[in-house]
Amino acid sequence: YPRTKVEISDMSAAADLLLELKPAVIGGWPSQLSMLATVWASKGYGNAPGPRFIQTGGERLDPSVRRQLEETFWAPVRDMYSSWELELIAWQCVSTGAYHVSDETVALEVITDGRAAREGEMGIAVGTALHSFASPFIRYAQGDMITMGRAQCECGAPFGTIASIDGRTREYFAGPDGRLMGATRVAIEITTAGGWVRQSQVVRVGDSELVIRIEPMRAPSAEELGRVRGALQNYLGTSFTFELKIVDRVVDDAGGKFRVLIDARENP
């Protein structure tokens with residue numbers, strides 16, 4: 001397919017351009033595509049011919065964002081896992097939801113406690129690029145936490161699998177009692193309890209104080225907010241106190257990519 005890059009600084013203009021182009025595939029970061037979907041629906045483009053599928057990557061794909069994209073564009077979402085160093089690493093199976101490892105191009109390991117992870121265990125992604133001849137990457141630690149999948153996908157495709165992509169190592173933080181918490185796990189708890197959530201972000205403002213910033217797809221009811229608070233309390237326990245803050249948009253980093261954890265103690 002011919003490829004066109006769409007400028008998203010003006011999301012309304014981007015939606016108009018996509019309506020004109022009628023692309024077979026729309027790809028991008030989940031946070032950006034989610035904003036596009038909101039504008040697309042607000043402009044009444046829901047009945048326009050949609051793409052064959054939506055391709056996501058570069059960020060963790062929340063289930064609530066997947067639902068939003070599929071319902072807005074009437075097209076399935078295909079998530080991909082890649083990096084600048086290793087290029088394509090894995091893509092999501094349309095049958096099982098697991099990720100097929102690109103075994104022809106990368107030798108992928110999942111390392112936990114200094115050993116190879118077993119099926120169902122989470123560890124650090126370590127990869128060797130098999131075709132980077134000029135500047136090889138050998139056992140390169142991606143900085144991603146992933147869960148080891150089956151040796152071969154249940155769909156019958158001859159690929160090893162990743163069960164899930166669980167977030168960046170920098171998205172984990174220790175509580176005052178030493179307990180290790182995951183900002184991505186916080187996001188999972190929130191989106192599981194609240195289907196109205198587009199994105200959430202953990203801001204650590206003190207050693208035991210958090211602000212949980214939530215960008216909604218719509219205004220939640222008091223009962224819906226209560227379910228999210230309860231889910232967070234169950235996960236965080238007594239390690240942290242937290243404040244929920246509903247915002248128009250969570251803050252991206254300088255490169256425009258969504259960050260699930262910000263430590264305001266280091267960068268007020």
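In strand β4, residue E87 is the bridge partner of S83, and this bridge belongs to the antiparallel pairing of β3 (residues 77-83) with β4 (residues 87-92), which extends over four bridges. Strands here are DSSP runs of E with at least two residues, helices are runs of H or I with at least four, and both are numbered from the N terminus; two strands pair if DSSP finds at least two bridges between them. The model is a predicted one, in which local features need pLDDT of at least 70 and side-chain atom pairs count only at pLDDT 80 or more, whereas totals for chains, interfaces and linings use all residues. Residues are numbered from 1 along each chain as its sequence is written, and side-chain values use heavy atoms, with hydrogens and water left out.

Both β3 and β4 lie in an open sheet of ten strands with mixed pairing, ordered β1-β2-β3-β4-β5-β10-β9-β8-β6-β7. Its edge strands, each pairing on one side only, are β1 (25-28) and β7 (115-116).

A further open sheet, also of mixed pairing, has four strands in the order β15-β14-β13-β16. Its edges are formed by β15 (241-246) and β16 (261-263), each of which pairs on one side only. Within this sheet, β14 (residues 209-216) runs parallel to β15 over six bridges, and E209 has T241 of β15 as its bridge partner. Helix α5 (residues 222-236) packs on the sheet, touching β14 and β15, where contact means heavy atoms within 4.5 Å.

Turning to the helices, α1 (residues 11-21) and α2 (residues 30-42) pack with their axes 9 Å apart and at an angle of about 80 degrees; axes are lines fitted to C-alpha atoms, for helices over the stretch in contact, and angles run from 0 to 180 degrees between N-to-C directions. The two helices α1 and α2 are therefore roughly perpendicular to each other, a term that covers angles of 65 to 115 degrees. The residues in contact are M11, S12, A15, L18 and L19 from α1, together with Q32, M35, L36, V39 and W40 from α2.

Technical notes. Angles under 35 degrees count as roughly parallel, over 145 as roughly antiparallel, 65 to 115 as roughly perpendicular and the rest as oblique.
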